[in-house]
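Hello,

Here is the structure I promised to pass on to you. Have a look at it first, and then read on for what turned up.

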Amino acid sequence: MVDRTLLSQLAKLLGPKAFTHDATEMAPWLSDWRGRVHGNAAAMLSPATTAEVRAIVRLCADARQPLTMQGGNSGQCAGATPDETGDMLLLSLRRMHRIRRLDVDGQLLFADAGVILAHAHDAAAAQGLRFPLTLGGKGSATLGGLVATNAGGTQVLRHGSMRALTRGLEVVLPDGSLLDQMIPLPKDNQGPDPKQIFIGSEGVLGIVTGVTLQLCPAVHERGVGWMSVMTADAARTCLHRMRRELGDMLEGFEILPEAALTHVLAHIPGTRRPVATAGPWHILVEAVGDGADAALEAALSACMTEGIASDATIAVSEAQAVDFWRIRDSISEAERAIGPAMQHDISVPVDAMPDLLTSLPAELIRMFADVSCLAFGHLGDGNVHFHVRPPQGSDANAWIAAHGSDVGRAVYAAAIARGGSLSAEHGIGRSKRAIFGELGDPTRIAILRGLKAALDPKGLFNPGVLVPD
Ligand SMILES: Cc1cc2nc3c(=O)[nH]c(=O)nc-3n(C[C@H](O)[C@H](O)[C@H](O)COP(=O)(O)OP(=O)(O)OC[C@H]3O[C@@H](n4cnc5c(N)ncnc54)[C@H](O)[C@@H]3O)c2cc1C
């Protein structure tokens, strides 16, 4: 039970705009994005400043009151959903949505943690600059959530994930103290860099309240191409070829199987097949920079001439480039129209990817007769979203309830056996915490537990998330 005195202190501190225990107001924020995990909270707190966050944390630390942090609630592992007890408080960062400063010459954006990714894109673009990290949830995901999950997306190949683009951070610790590392210093050798431990820590070690982002010049020219290839191994050869030909210009290299394209064409209005040849694998490739279009065209031709690709085309207009990307970005939506699937976000070294893409479906069909597999995503980063659908004609939800965790265990074990990870970019959250405890590297987990015990000895920040029992 949440202490009533604490609730009145918080209500007084925040006022009616930022404190609610109204069930209807809180309801949209108590289930995860996928609508699979549902929680409860005694109240939702929505501070607008770092000072308010610190005051909340101090009161909660004194009362030993646990908090669940939430940004845009677009995370894919239910880390922002409180548990079912109703004994937690939900701390929403969405009212902290101020762009603090944009340093055009330094190409840096200083912002509150609740700024939505799309708004950061707009702010950079207004100054002829660009924040290159982007993803499907950009209209909801906040900078703090992106830092907390070390988000990836489609531009990681060239620009890296959130860790590479985060130059500064402001973090409120579980005792209410503040780590202020907002100002980036190219040289600062005072031991390990503390801000790094909060990137990807999913809110269990600290609350991100401010972020300094590295920007880059806006893109004036991009080339977007589509290829079809016969095997996953040919896709990898194409990637290496593109890297050699395009160097730094190569920004995205995504793979999708023919089945994914077929689902998109069937369920997403206005989509069209980019090339006549029907796979079995398709590649979407993007190059940016001066001369990108011509360089990409030459690279695609080389792949065709050498027989690596069986078909290839380049978008002749920006509208067609957008259409190509729309196909890639609509796969999840098209899949939803078919029914539920067990979704796994895994990574392996790029050279192990062809083996994973061919052996794992066969292994799963041997283990669980008649399941169907669909793997797509960021081949250039060695990351695929590996979806497994229950046998046709089965009661999908009942099948998933009965076999879902065994399927997950087999998929994650296959990634780990190839030197990979059971979470490439989505994090661990609540959903993967048990399997992380079971299959994760024990030394890595011990370090994580040590950090948690050192920074949050009372276990008040995001209990039940990331850190295995
Ligand atoms: C359509 C779609 C496509 C997506 N594509 C990708 C993709 O390609 N790559 C990718 O990496 N992700 C992707 N995502 C997942 C999601 O957008 C990212 O995980 C994002 O980083 C979550 O940000 P958020 O603000 O919504 O965080 P939330 O979902 O609110 O929270 C996520 C985690 O971070 C913690 N947290 C949130 N804010 C803070 C804070 N200020 N301080 C401390 N902890 C905090 C929460 O407690 C939780 O553990 C996608 C999501 C959607 C809906």
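Let me begin with N462, which counts as buried because 29 C-beta neighbours lie inside 10 Å, where 20 or more are enough. Please keep in mind that this is a predicted model. N462 sits in the segment after α17 (442-455). Its backbone deserves a look too: phi is positive, about 50°, although N462 is not a glycine.

You will find N73 in the loop between β3 and β4 (89-92). Is N73 buried or exposed? With 23 C-beta neighbours inside 10 Å, N73 counts as buried, since the cut-off is 20 or more.

While you are going through the backbone, please stop at G279 and P280 as well. The peptide bond that joins G279 and P280 is cis, with omega about 10°. P280 belongs to the loop between α10 and β14 (281-288).

That brings me to α10 itself and its packing. The axes of helix α10 (residues 258-267) and helix α13 (residues 331-338) come within 8 Å and cross at roughly 75°. An angle from 65 to 115 degrees counts as roughly perpendicular, so that is how α10 and α13 lie to each other. On the α10 side, the contact is made by A260, H263, V264 and H267. The α13 side brings I331, A334, E335, A337 and I338. Sorted by class, this contact of α10 with α13 has six nonpolar residues, two polar ones and one charged one.

Now for the ligand. How many residues surround the ligand? There are 36, and the closest are G71, G79, G136, G144 and G145. By class, the shell around the ligand has 21 polar, 13 nonpolar and two charged residues. Among the elements that each supply at least two residues of this shell are β3 (67-70), α5 (143-148) and β10 (207-214). Which of the elements gives the most to the shell? It is α5, with four residues.

If you open the model, you could start at the ligand and α5, which gives the most to its shell, then go on to the crossing of α10 and α13, and finish with the cis peptide bond between G279 and P280. I would be glad to hear what you make of it.

Best wishes

Conventions:
Residues numbered from 1 in each chain as written. Predicted model: local features only at pLDDT ≥ 70, side-chain atom pairs only at ≥ 80, totals over all residues. Near = placed C-beta within 6 Å. Nonpolar A, V, L, I, M, F, W, Y, C, P; charged D, E, K, R; others polar. Axes fitted to C-alpha atoms, helices over the stretch in contact; angles between N-to-C directions. Parallel < 35°, antiparallel > 145°, perpendicular 65-115°, else oblique. Contact = placed C-beta atoms within 7 Å. Buried ≥ 20, exposed ≤ 12 C-beta atoms within 10 Å, placed from the backbone.
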